[in-house]
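Please keep the sequence and the model at hand while reading.

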Protein chains: 2
Amino acid sequence: MKITKIKEVFRNPQEYLDKEITIGGWIRSLRDSKTFGFIVINDGSYFEPMQVVYHDTMENFEQISKQNVGAALMVTGTLVATPQAKQPFEIQAREVVVEGASAPDYPLQKKRHSFEYLRTISHLRPRTNTFQAVFRVRSLIAFAIHKFFQEQGFVYVHTPIITGSDAEGAGEMFQVTTLDMKNVPQTEDGSPDYSQDFFGKETSLTVSGQLNGETFAQAFGDIYTFGPTFRAENSNTTRHAAEFWMIEPEIAFADLEDDMDLAEAMLKYIIKYVLEEAPEEMKFFNSFVDKGLASRLELVLNSDFERITYTKAIELLEKVNDKFEFKVTWGSDLQTEHERYLTEQLYKKPVFVTDYPKEIKAFYMKQNADGKTVAAMDCLVPGIGEIIGGSQREDDMDKLRARMEECNLDEGEYDFYLDLRKYGSTKHAGFGLGFERCVMYLTGMGNIRDVVPFPRTAGTCDL
Amino acid sequence: MKITKIKEVFRNPQEYLDKEITIGGWIRSLRDSKTFGFIVINDGSYFEPMQVVYHDTMENFEQISKQNVGAALMVTGTLVATPQAKQPFEIQAREVVVEGASAPDYPLQKKRHSFEYLRTISHLRPRTNTFQAVFRVRSLIAFAIHKFFQEQGFVYVHTPIITGSDAEGAGEMFQVTTLDMKNVPQTEDGSPDYSQDFFGKETSLTVSGQLNGETFAQAFGDIYTFGPTFRAENSNTTRHAAEFWMIEPEIAFADLEDDMDLAEAMLKYIIKYVLEEAPEEMKFFNSFVDKGLASRLELVLNSDFERITYTKAIELLEKVNDKFEFKVTWGSDLQTEHERYLTEQLYKKPVFVTDYPKEIKAFYMKQNADGKTVAAMDCLVPGIGEIIGGSQREDDMDKLRARMEECNLDEGEYDFYLDLRKYGSTKHAGFGLGFERCVMYLTGMGNIRDVVPFPRTAGTCDL
């Protein structure tokens, strides 16, 4: 049977007015009198619901009238304009089929529930207004990212989830194993015998696809990853999850400036796409979740992002060091309070901070001529601070090896990475965007648990 | 610096002819004489390379001439038409900058290498013609899938990778843990003490996002997942990997017919997209990898897929049972030989087989009125057999519970799933498409290890 989506009707009402259509959705509210009733139905395609009018001329008038919030209906009827009413049109039902009733203890009655409570029913919360908006926008952001890169010919690479290396030592890792935990086989020296494990060695969940991504950038020029990454960190904050998705583009024949150009263009593209495709949801977030959201996104869209060096940033911050809990000095990492001061107070727009001291950045970042800094960049945005971190990569074999030695990395683990410098090395750069942080930024939602369908955090792995 | 992609030049030569451009890429071949030389360069954006001519008027003429295959160059020069030559144009170089030399032991010299050998250098094989084509097409297929669903308003859902349940018992699972493997903490009865594990319970890598996906379909109507899934199965075949990506759409207010319509439309959309976007790669596959590919895909594109019941299929197969290694009888599962007979010999086009015996299908599939079969469907395609498996889902609470009991499933684990039948149940359906199998199908590549960037199979987890 041809089902018409409510979104389709709202976007193209002229096509449907005075015609018969069938919609399928769930009751948001129902009120009935003796001879007729009103049902407000949401079908999940659109932020606004559809009003349906039904009459006692229907055989199942009583069955319909006793339905609870959450019941599933299929409604066939004529779409008519309602110029006097709040909503622009309604369906005059000819037939209402009750697909599935909703038990009296349905947890989502009309009253508002706290986000905390809704987290305990992650299988039902997507039926609420807020989570309808969050997860539709999450989906749109994901697609906008793919579209942005694909339009420019980037190759999407699925870097591996299970990994035998600890990448950049970027964080605590989850172990992946098929060994019998009740009776872990041991080698002679008493350590676990990973030769008996599924892959014949110790394996973990990836913390970053970057190094794998670089191998593809040296073949395709421009590539991006978009996949899940993991941190087994026992941090109970509103910003950290154990499982999250990350986007990591990597571009060859490109330097740090190109990298920043790409990051800036990407952020603007995503924002523009979501504002165009989900204006109702974005208006809702601005009204009910975060009142500064619309103007903040507008600002990002219309700014040329500022670009300053870390050294310059420290100079500026030292002048107002008394404002900060953590005082800055050259060599220290920037805290969120410093980042937000730069982007919110000083520049009032997004800011790239570049050329950080090499000691506080990863081994693979390109060393600058000054011998002290690396060609790194962090993108700071009002309202959140750092949203993107990237760098030009060290493409000089000797410098890279020297730095790896300083960092006590085992060269044998990085043979493949060194090969990229041995066979046709190019200047290249890349960055990482935490997908959930991006969704939080665009929706104004304050807790990462509320932008992930089924969040995984320390102690929590429901459904 | 503005870099022009070789693909851009080939797609819009009129825009670039007789103008100066800069390209960045890697040497495929180089031959020089005393006063000039030719370089064939690939930049990863396009299947065809670019020819570059350089002259001894350049200061670094000798440096260029001694470069090895695989070296990275940036070339600036004028694009000129070459009507007498094999290639349509070439770059008359004004400047050639050697970005990075390629060591003499570069493994990818001109001779052809076996796929087996190339698997041992997964960081370099994307630089070969075949893997350039495979991974560009893989990227395009991924995008085509997103585009197909997004254009119809489907919501993309990231179902969790780490899971506390064993889903449908669909296969052997990898355990995910942060417990100390050298000294696994134990409970009093000697079993591992998972209360001390990261999530406070035993967790594994997902085998399917379907059940989570259903919760979202009951809120948004139409959703799809696209993410990695895992099987810890010790099978060493050309079709199985331990880590692979899967697409699982789920549609509400929809039955098995709608499900088949969706699957058929999706397959045709993907094929059409890839043929349009990567004609050079597809021609290459048809010429050098699988000579029947083009006609097979053309056939799929232009067929109305056949739809027959399992019972009918068994009748047809029993007539020719002597052809098969495994004889069919009603109740047995179809083997690849039977599937291929149906789709290749009998119908000569894609075939949906529907309504399988419930005993050989999963508990959640909708029971038919006959009491014997379920509303399942497998999509069989010439050249491969089953590519998609799906079903209408059981939406009747009582029938679902009865079937779960028959299958010895613990109801407590499935509370959330039963809730979907308690609160506004709808007829709904979905299917699963193994992404790698789809890439194999569209490229003709015969081994799953050759369509995954960094394959994970029993005993193998490189890079």
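## Helix H12 of chain A

In this predicted model, a side-chain oxygen of A:Asp396 lies within 2.9 Å of the backbone nitrogen of A:Asp398 at the start of H12(A). The helix H12 of chain A spans residues 397-406, and its buried residues are A:Met397, A:Leu400, A:Arg403 and A:Met404. The exposed residues A:Asp398 and A:Glu405 are carried by the face of H12(A) turned away from the buried side. The cover over the buried residues of H12(A) includes helix H13 (415-422) of chain A. Just after H12(A), A:Asn408 adopts a positive phi of about 60°.

## The open sheet of chain A

In chain A, 8 strands make up an open sheet with mixed pairing, in the order S6-S10-S11-S16-S15-S14-S13-S12. At its edges stand strand S6 (155-157) and strand S12 (306-309) of chain A; each has a single partner strand, so one side of each is left without a neighbour in the sheet. From one strand to the next, the twist averages 25°.

Within this sheet, strand S15 (residues 385-392) and strand S16 (residues 428-434) of chain A run antiparallel and are joined by 5 bridges. A:Gly390 has A:Phe431 as its bridge partner in S16(A). Helix H11 (residues 336-346) of chain A lies across S12, strand S13 (351-357), strand S14 (373-381) and S15 of chain A, and runs at about 65° to S14(A).

## Strand S11 of chain B

How many of the 10 residues of strand S11 of chain B are buried? For this strand (residues 243-252), the count is 10 of the 10, so S11(B) is largely enclosed by the rest of the structure. B:Glu243, B:Trp245, B:Ile247, B:Pro249 and B:Ile251 point one way from S11(B), while B:Phe244, B:Met246, B:Glu248, B:Glu250 and B:Ala252 point the other way, and all are buried.

S11(B) is paired with strand S10 and with strand S16 of chain B, as the table sets out.

| Strand paired with S11(B) | Sense | Bridges | Bridge partners |
|---|---|---|---|
| S16 (residues 428-434) of chain B | antiparallel | 5 bridges | B:Met246 and B:Gly434 |

Not counting residues up to four places away in sequence, B:Ile141 touches B:Ile270, B:Val274, B:Phe435, B:Cys438, B:Val439 and B:Leu442.

B:Thr443 belongs to helix H14 (residues 435-443) of chain B. Its relative accessible area is 0%, so B:Thr443 is buried. The side chain of B:Thr443 reaches the backbone oxygen of B:Val439 at 2.8 Å and the backbone nitrogen of B:Met445 at 3.2 Å. With residues up to four places away in sequence left out, B:Thr443 touches B:Val137, B:Phe285, B:Val289, B:Leu293 and B:Val451.

## A:Asp193 in its loop

The loop between strand S8 (175-177) and strand S9 (203-205) of chain A contains A:Asp193. Is A:Asp193 buried or exposed? A:Asp193 is buried, because its relative accessible area is 12% and buried means under 20%. The side chain of A:Asp193 makes a polar contact of 2.6 Å with the side chain of A:Ser195. Leaving aside neighbours within four places in sequence, A:Asp193 is in contact with A:Leu179, A:Pro185, A:Gln186 and A:Thr187. A:Glu306 is 113 residues from A:Asp193 along the chain, and their C-alpha atoms are separated by 53 Å.

## Positive phi values in chain B

B:Asp18 is not a glycine, yet its phi is positive, at about 65°. B:Asp18 lies in the loop between helix H2 (13-16) and strand S1 (20-32) of chain B, and it counts as exposed because its relative accessibility is 60%. B:Leu463, also a residue other than glycine, has a positive phi near 65°. B:Leu463 is found in the segment after strand S18 (460-461) of chain B, and with a relative accessible area of 23% it is partly exposed.

Key:
Residues numbered from 1 in each chain as written. Chains lettered and ligands numbered in written order. Predicted model: local features only at pLDDT ≥ 70, side-chain atom pairs only at ≥ 80, totals over all residues. Heavy atoms only, no water. Helix = DSSP H or I, 4+ residues; strand = E, 2+ residues; numbered from the N terminus. Buried < 20%, exposed > 50% of the residue type's maximum accessible area, 1.4 Å probe, protein only. Contact = heavy atoms within 4.5 Å. Polar contact = N/O pair within 3.5 Å; in protein donor to acceptor, adjacent residues only side chain to side chain. Pairing = 2+ DSSP bridges. Axes fitted to C-alpha atoms, helices over the stretch in contact; angles between N-to-C directions.
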